[in-house]
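Hello,

Here is the structure I promised to pass on. My notes on it follow below.

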Amino acid sequence: MTLQHIEKTVGIGRHEGGSGTGMEPLRLLTRTSARILSRYGVLLGFLVFWQVAASSGWVNSAVLPPVDTIVAALWKGLIGGSLLGDIAISLQRAGLAFAAAVVVAIPLGLVMGQARAVETALDPILQLFRQTSALALYPVFILLLGLGEASKVFVIFWATLFPLLLNTFSGVKEVDPKLLEMARAYGARRLTNFRRVVLPGAVPSIFVGLRLGATTALLLLIASEMIGANKGIGFQVMNAQYNFQIPLMFAAIVILAALGLIANQVLVVLQRRLCRWNVSAG
């Protein structure tokens, strides 16, 4: 092989390597775009269809405004500050009720799961209350607590309590009995058994209850703020509808959906950090 042949071969190899390096960002961009479209393609298509249908007159744009009009109303409400106060008061109500439900439901569920006597005593009344809609009891709460903050927070607390309680109780009951027997065989005391076996085994189910409870809290928040409230996202939805400010109404609905997504994602991230040993947590 002559020197010219060697130089030619080396030059071709360099050219092919450079071409491959140049194509790598394009391939990465293609894979990323495909991943985004596979996950959010239907949502993006729905929004595009909504925009086209409202802008083209296929639907009444006064009742179903275009997406860009809703985004403009949302931006104006956030920048102008008219929606910030509503967001703050709604988060305060839902957050207080959710925190109270966590403090009550998780310890009670853990005790019920461990103590058969407590489960037997409380299960009938809890099943009765669980089957009664919180919205059906809301007039009772208003009569007892008035139209102020107490009744709004309590109805959210009441509806959030049961998903948390039942999932905590189920998580304790579903702990593998063989793990408990093994811990006892190694001389683990009752408290150590609970702390090292029962509680870690129940944590994934508890997080399911937390996510369900957060969703329930936001749903009941809307209902509670539509009755006897003068502030909050739920009130803003009703007030905008009464005044026929439809873009603002949809903007408030978008905020509620965003709050729900953020709360769920925070709990998912927290669950992944605390339950790295659990495959289903990912």
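The protein chain exposes about 17,400 Å². Carbon and sulfur atoms supply 68% of that area. Keep in mind that this is a predicted model.

Of the 282 residues in the protein chain, 34% count as buried.

The fold first. The protein chain has ten helices and zero strands. Among its contacts between residues at least 6 apart in sequence, 69% join residues at least 24 apart.

Next, the core. The largest nonpolar core has 58 residues. Val155, Ile156, Leu210 and Ile255 have the most contacts inside it. Helices that each supply at least two residues of this core include H1 (3-55), H3 (84-114), H8 (190-225) and H10 (246-274). H6 (149-173) is also one of them. H6 gives the most to the core, with twelve residues.

Take Leu210 as an example. Which residues is Leu210 in contact with, leaving aside its neighbours within four places in sequence? They are Phe98, Val102, Ile106, Leu164 and Leu267.

The axes of H5 and H6 come within 9 Å and cross at roughly 145°. The crossing is right-handed. On the H5 side, the contact is made by Ala134, Leu137, Tyr138, Phe141, Ile142 and Leu145. H6 brings Ala150, Ser151, Lys152, Phe154, Val155, Trp158 and Ala159. By class, the contact of H5 with H6 has eleven nonpolar residues, one polar and one charged.

Best wishes

Key
Residues numbered from 1 in each chain as written. Predicted model: local features only at pLDDT ≥ 70, side-chain atom pairs only at ≥ 80, totals over all residues. Heavy atoms only, no water. Core = buried A, V, L, I, M, F, W, Y, C linked by side-chain atoms within 4.5 Å. Buried < 20%, exposed > 50% of the residue type's maximum accessible area, 1.4 Å probe, protein only. Helix = DSSP H or I, 4+ residues; strand = E, 2+ residues; numbered from the N terminus. Contact = heavy atoms within 4.5 Å. Axes fitted to C-alpha atoms, helices over the stretch in contact; angles between N-to-C directions. Left-handed = near helix turned anticlockwise from the far one by under 90°. Nonpolar A, V, L, I, M, F, W, Y, C, P; charged D, E, K, R; others polar. Areas by Shrake-Rupley, 256 points an atom, 1.4 Å probe, with all protein chains shown as cover.
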